Amino acid sequence: MSQFNVLIQGPVRDELLNNIENYKKYGSVVVSTWDTSNLNNLKSFKIVTHPEPQWHSPIHPSTFHYAIQGVFNGLLECDKPYTIRLRSDEYFSDLQPMIDMFLEDTSKIVN
């Protein structure tokens, strides 16, 4: 069994729906999104939903708080020693080079 969770964080988007099967090759998939997302096509994966944050930056528009909260919510559900975090609006066809680089020295972060 894989040592990795693949945590996909953010709103449900086409990139996530079209590529989630690929990520299952690398570990247990956890999707962390908001309770306002359409979850009809995500029935076979661990899904973490929480109310969408109501906090907004008084200085400039930013989704940083959303990302931090979504990652935190998802990490609480991860059960493997290591987690690969991906945004829901991006896609990587091959995570293996990143995994190999990380496993050379597990004390570092690979980005």
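The buried residues of α1 pack against β1, β2 and β4; buried means under 20% relative accessible area, exposed over 50% and partly exposed in between (1.4 Å probe, protein chains only). Helices (H or I, at least four residues) and strands (E, at least two) are DSSP runs, numbered from the N terminus. This is a predicted model, in which local features need pLDDT of at least 70 and side-chain atom pairs count only at pLDDT 80 or more, while totals for chains, interfaces and linings use all residues. Residues are numbered from 1 along each chain as its sequence is written, and side-chain values use heavy atoms, with hydrogens and water left out.

## Exercise 1

Determine which residues of α1 are buried and where they lie around the axis.

Solution. Step 1: the buried residues of α1 are Leu16, Asn19, Ile20, Asn22 and Tyr23. Step 2: they lie on the same side of α1, because they cover an arc of only 150° around the axis; the arc is that of the directions from the helix axis to the C-beta atoms. Step 3: the face turned away from this buried side carries the exposed residues Asp14, Asn18 and Glu21.

## Exercise 2

Identify the residues that touch the most other members of the largest nonpolar core, and the elements that give two or more residues to this core.

Solution. Step 1: a nonpolar core is a set of buried Ala, Val, Leu, Ile, Met, Phe, Trp, Tyr and Cys residues joined through side-chain atoms within 4.5 Å. Step 2: the largest has 17 residues, of which Val6, Ile8, Ile20, Tyr23, Val29 and Leu95 touch the most other members. Step 3: the elements giving two or more residues to this core are β1 (4-9), α1 (14-23), β2 (28-34), β4 (82-87) and α3 (96-104). Step 4: a second, separate core of 5 residues includes Leu7, Val30, Val71 and Cys78. Step 5: leaving aside neighbours within four places in sequence, Ile20 is in contact (heavy atoms within 4.5 Å) with Ile8, Val29, Val31, Leu42 and Phe45.

## Exercise 3

Classify the aromatic pairs that Phe4 forms with Tyr82 and with Phe102.

Solution. Step 1: rings of Phe, Tyr and Trp (its six-membered ring) pair if their centres lie within 6.5 Å; planes under 30 degrees apart count as stacked, over 60 as edge-to-face and the rest as tilted. The structure holds 5 such pairs. Step 2: the ring centres of Phe4 and Tyr82 are 5.6 Å apart and the planes stand at 40°, so this pair is tilted. Phe4 in strand β1 and Tyr82 in strand β4 are 78 residues apart. Step 3: Phe4 and Phe102 form an edge-to-face pair, at 6.2 Å centre to centre and 75° between the planes. Phe102 belongs to helix α3, 98 residues from Phe4. Step 4: Phe4 is buried at 6% relative accessible area, Phe102 is buried at 11%, and Tyr82 is partly exposed at 22%. Together, Phe4, Tyr82 and Phe102 form one aromatic cluster.

## Exercise 4

State which backbone atom the side chain of Asn5 reaches.

Solution. Step 1: Asn5 is in strand β1 and is buried, with a relative accessible area of 0%. Step 2: its side chain reaches the backbone nitrogen of Asp79 at 3.0 Å.

## Exercise 5

Solution. Step 1: a salt bridge is a side-chain nitrogen of Lys or Arg within 4 Å of a carboxyl oxygen of Asp or Glu, and the count comes to 2.

Note on methods
Polar contact = N/O pair within 3.5 Å; in protein donor to acceptor, adjacent residues only side chain to side chain.
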